[in-house]
Structures are given as C-alpha cells and as structure tokens.
Amino acid sequence: MDRIAVRLAIWLIVGVIVSFLAAQFSEEGVEAPRRPLPPDTAHAWMVLPPAEPPDGTPSGTAMADVEVEPSHWTDDVIGTAFAVGPHLWVSAGHVFEACTRSYVRARGKWLPVTAVAFHPTADLAVVRTGTEIQPPIIGVTDRVPVLNQDGYHFGYPQGAPGSIHTRFLGEARIRRGKPGTPVERGWVWAEMTRTFDQGSIAGISGGPQVDRTGAVQGVTILEWPRASRIVTTPVDRMRELLPKDFVATDTGGTSIDGFNYDRHGDQVRGTDAVAFVLCSLTGKKIGRAHVLTPVTFLYLVCRLLLEKK
C-alpha cells in the first residue's frame, strides 16, 4: 500500500503542475501572469533624457542581393509584433501568411487577431486586435537609417525575450520566391551584441528596429547567420500599409545605447508594446486547457489500482 500511496501522491503533484501550466495559456482570463501587470499609462521605453536623431549619410546603391525561399510551414509559427496605434500592430508578413487563426499576447491574455493586411510585395503585415486592451504605442519615424548608425531590435527570438544591438551597413535587394517576383529593398545591419545565447533569431521576425531615440525605422524580417547580418524592411513600406491619417514622429523620446538596450527591451516587452505572436496553421483556438478534475483524478486512481493487480 505504501507504493500505491507514493504513486497516488506523484499523480496528484503532476495534476497540480498541469493545471498551473494550463492556466498560463488561457485566453479567458484565468491565467497567472509571469510578471505584475503594468499600468495602462506605462511608457513604452524607459524615461530618459531624449537623444538626438542619428546624423550622417543614408545608404546609396544596394550592397547585396538576397534570395528568400518561400515559407513551407508545417507547424504553428511564432513571431513578434509591436503596437503603433489603437489596437493596431505591425509585424512581418511571413509570420501571418499561413495562419487560419492568430493571436497577440498582451496583458496576460491571448488577443485574437481580427484583421490582417499584407503588403503586396514587402514582407510586412498590419494586424488588428479587439478593443479591450491597449498597450503603449511605439512611434514610427519617416527618417531612414544613416551609415554606421546603431540599431536596436526587440522581440521574442526562439520564443523567449531577447534584444539585439546592430550597426547599419547599407541597402540590399530582396527577392521572395521564384525568379520574376518583384525585387524589394531591405536594410542590412551587422550584429554587434545580443542579450540571448547564440543561435537562430527566428521568432524576433516582426519586431521593431529602432534608432537611439526609440523611433521605429524598420521591421526585422530575416537573418544571415554565418555573416551575423540582419535585414529589415524599410519604414516607407510600413507607412504604405498604415491608415492615411497615421502621424509619424521625429524621435522616440528616449535614449538607447549599447549599455542600456537590454533594459529598454525588458521595458518595451514588459508593457507589451512589443508582444509575442502565435500563428496557428490548423485554426487552433486558445482557450481553457484541460485541468485535473475530480473525475479525471478518480480515473487515474482506478487505473493505478488496476495496474497494481
């Protein structure tokens, strides 16, 4: 009987753990947040004396050609999005292109995406969510990067919080899919440092690239791992998808550098201005997961006793 009691205790502990984890991924408000919820008036960035916008020479002719293979997703896709207006988010197009149902994670809830608009040629998407939650907004600027300026990328590489510090190298020509498809412009950045372990940055796609003032200049869309290069979509393509009355900002109103960008990343993700995205290819609905009910527990006890016999 002692062995049965031990096994019953193990099943009970496993059930409690499963119930706790199920609550973390509920859409309907029963989840336990991993961090205290920030106030609705929280700033997207840390409050610091604002930096001056970068000054210098914009990129000239394209320095590289990039061929991007079509996506062939077989499982759910993760990515990043950032808030640019009331219930309005920007992300990478390839994060949403195969979704039958998708969500943005904010304020401890999974917000169903209600509408998606794709750019006809660039790897960009603008999505809308419901009206019940509104994180702080990140300002988008019309200023293009200048050579050798610093850039900062924020999101969820490999599904975990992460930030990258880069330096602008120039322009690239991007062709998505087979020959004959339109050629797009992209900005090329050299990776300087990162806040997470080495490996793929997949999952940060759709996250913002900002300058030292915190203003968005582009959207992170792909990487060249061997060369430690990151490519972003230019801000003018983003503006083509946003509402006509969208107002650009000159600066982001803060000061970001290679010493504090990790803390800015914690802030911008902590307020959900930069948020985690889940795309379900099969139309999976995120709701209350199964928990260890009394009936389930009784079933496990009976199964255990039968195994003992």
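This is a predicted model: local features need pLDDT of at least 70, side-chain atom pairs count only at pLDDT 80 or more; totals for chains, interfaces and linings use all residues.
A polar contact is a pair of N or O atoms within 3.5 Å; within protein, one must be able to donate a hydrogen and the other to accept it, and residues adjacent in sequence count only if both atoms are side-chain atoms. In this structure, the backbone oxygen of Thr 271 lies 2.8 Å from a polar atom of the Arg 107 side chain.

Residues are numbered from 1 along each chain as its sequence is written, and side-chain values use heavy atoms, with hydrogens and water left out.

Arg 107 sits in the loop between β4 (101–106) and β5 (109–118). Helices (H or I, at least four residues) and strands (E, at least two) are DSSP runs, numbered from the N terminus. Is Arg 107 buried or exposed? With a relative accessible area of 8%, Arg 107 is buried; that term means under 20%, exposed means over 50%, and partly exposed lies in between (1.4 Å probe, protein chains only).

I turn next to strand β7, residues 150–155. Five of its six residues are buried, so β7 is largely enclosed by the rest of the structure. Strands pair if DSSP finds at least two bridges between them. β7 pairs with β8 (residues 162–176) in the antiparallel sense over six bridges, and Tyr 152 stands opposite His 165 in β8. With β10 (residues 208–210), β7 again pairs in the antiparallel sense, over two bridges; here His 153 faces Gln 209.

Now to the disulfide, defined as a pair of cysteine sulfur atoms within 2.5 Å. Cys 99 is joined to Cys 279, with an S to S distance of 2.0 Å. Cys 99 lies in the loop between α2 (93–96) and β4 and Cys 279 in strand β13 (residues 274–280), so the pair ties together parts 180 residues apart in sequence. Cys 99 is partly exposed at 21%, whereas Cys 279 is buried at 1%.

Finally, the aromatic rings. Rings of Phe, Tyr and Trp (its six-membered ring) pair if their centres lie within 6.5 Å; planes under 30 degrees apart count as stacked, over 60 as edge-to-face and the rest as tilted. The whole structure holds seven such pairs. The rings of Tyr 103 and Trp 110 have centres 6.4 Å apart and planes at 75°, so this pair is edge-to-face. Ring pairs link Tyr 103, Trp 110, Tyr 156 and Phe 276 into a cluster.
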